[in-house]
Amino acid sequence: MGVAAVRTLTMASPQVPALQIEAVPVLADNYVFLLSRGQQAALVDPAVAEPLIALLEARSLELVAVLQTHHHADHIGGTPALLERWPACRVYAAAADLERIPFQSDGVAGGDQFTVLEQPVQVLAVPGHTRAHVAYHLPLSADVFVGDTLFVAGCGRLFEGTPLQLWTALQRLTALPPETRLWCAHEYSAANLRWAIEQVPAADPLAQALKQRLAQVQQLRSRGLPSVPTTVASERATNLFVQAQGPEQLAQLRGHKDTWRG
Ligand SMILES: [Fe+2]
């Protein structure tokens, strides 16, 4: 399995090893995020178990926490088997989704804070894709695990929430400082950008920005690297869903994208 180490914090010291964040591609286009510090690890949205168990064991990592953004199978599918291998592992998930994520040990809600790998984690309520979707913000390192709420130049489908909820969630995420990294759970970037380019008049300066962003993404992908994470600044500049003037415009865009085949 290819693993791209895409983020290492600069807080390393002999006493406190650096927190490292890696994107692990699984299934067709999912990313599981592996956070590690020293010999301890946490996983965000483990869709599968076996490849992750093999990866952690190869590195002698102990799984201490799983963070679930929402209940879909391609985000929680691996967790029960991971818990069999590491029974003391904590599982953070929306308390409101206890029925659909029954193996959670620590039910959370927007505004909650907890600590993983010595990092404070703030829970952001971002309903829309599902009614209880949460995101996990690590303010010290300026990283947010956004699940299926926001993608590069895109957003999640509105399965359970309202356009107002999703619009509010996107605004909340992109109100964070511009350098904040947004870790999206799918590699949808190139298709999203091709769709966006079709929506913008060629003479609009935004069209040029979208084409440049697509070229960046294609360069990363051609080298086998993830196009994730993105940043708040990048999404403010090139995400039409983030730029929507309100819930009605967001719903229009989302409806159009739902049936687009690029
Ligand atoms: Fe999902």
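Colleague: Are α4 and α9 roughly parallel or roughly perpendicular to each other?

Modeller: Keep in mind that this is a predicted model. The axes of α4 (residues 163-173) and α9 (residues 247-258) come within 8 Å and cross at roughly 100 degrees. Angles of 65 to 115 degrees count as roughly perpendicular. The two helices are therefore roughly perpendicular.

Colleague: Which residues of α9 make the contact with α4?

Modeller: The α4 side supplies Pro163, Leu164, Leu166 and Trp167. By class, the contact has seven nonpolar, no polar and one charged residues. The α9 side supplies Pro247, Glu248, Leu250 and Ala251.

Colleague: Now the whole chain. Why does its radius of gyration agree with that of a compact globule?

Modeller: The chain has nine helices and 15 strands. Its C-alpha trace spans about 55 × 40 × 30 Å along the principal axes. With 262 residues, a compact globule would have a radius of gyration near 18 Å, and the prediction agrees because the chain has 18 Å.

Colleague: What percentage of contacts between residues at least 6 apart in sequence join residues at least 24 apart?

Modeller: A contact here needs C-beta atoms within 7 Å. As background on burial, 44% of the 262 residues count as buried. For contacts between residues at least 6 apart in sequence, the share joining residues at least 24 apart is 55%.

Colleague: Which strands are the edges of the open sheet of six strands?

Modeller: The order is β8-β9-β10-β11-β14-β15, with mixed pairing. An edge strand pairs on one side only. That picks out β8 (113-116) and β15 (230-231).

Colleague: Which residue of β15 is the bridge partner of leucine 182?

Modeller: Strand β14 covers residues 181-184. Two bridges join β14 to β15, and the two strands run antiparallel. In β15, the partner of leucine 182 is threonine 230.

Colleague: Go to β10. How many of its residues are buried?

Modeller: Both faces are covered. Val134, Tyr136 and Leu138 are buried on one side, and Ala135 and His137 on the other. Buried means 20 or more other C-beta atoms within 10 Å. For β10 the count is five of five.

Colleague: Which residue of β11 stands opposite tyrosine 136?

Modeller: On the β9 side, β9 (residues 119-125) and β10 pair antiparallel over four bridges. There, valine 123 stands opposite tyrosine 136. On the β11 side, three bridges join β10 to β11, again antiparallel. In β11, tyrosine 136 faces phenylalanine 145.

Colleague: Which residue in the turn of the β10 and β11 hairpin has a positive phi?

Modeller: Most residues other than glycine have a negative phi. The hairpin has four residues between its strands, and the phi in question is about 60 degrees. The residue is alanine 142.

Colleague: Is alanine 142 buried or partly exposed?

Modeller: Alanine 142 lies in the loop between β10 (134-138) and β11 (143-147). Beyond four places in sequence, alanine 142 touches Pro177, Glu179, Thr180 and Arg181. Burial takes 20 or more other C-beta atoms within 10 Å. Alanine 142 has 17, so it is partly exposed.

Colleague: How many Å apart in space are alanine 142 and glutamate 57?

Modeller: In sequence, alanine 142 and glutamate 57 are 85 residues apart. The spatial distance is taken C-alpha to C-alpha. It comes to 28 Å.

Colleague: What is the phi of glutamate 118 near?

Modeller: Leucine 117 lies in the loop between β8 and β9, and its positive phi is near 50 degrees. Glutamate 118 is in the loop between β8 and β9. Leucine 117 counts as partly exposed because it has 18 C-beta neighbours inside 10 Å, and glutamate 118 counts as partly exposed with 13. The phi of glutamate 118 is near 65 degrees.

Colleague: Last one. What is omega near for the peptide bond from valine 228 to proline 229?

Modeller: Most peptide bonds are trans. Proline 229 is found in the loop between α6 (205-222) and β15. The bond from valine 228 to proline 229 is cis, with omega near 10 degrees.

Notes: Residues numbered from 1 in each chain as written. Predicted model: local features only at pLDDT ≥ 70, side-chain atom pairs only at ≥ 80, totals over all residues. Rg over C-alpha atoms; globule rule 2.2 N^0.38 Å. Buried ≥ 20, exposed ≤ 12 C-beta atoms within 10 Å, placed from the backbone. Contact = placed C-beta atoms within 7 Å. Pairing = 2+ DSSP bridges. Axes fitted to C-alpha atoms, helices over the stretch in contact; angles between N-to-C directions. Parallel < 35°, antiparallel > 145°, perpendicular 65-115°, else oblique. Nonpolar A, V, L, I, M, F, W, Y, C, P; charged D, E, K, R; others polar.
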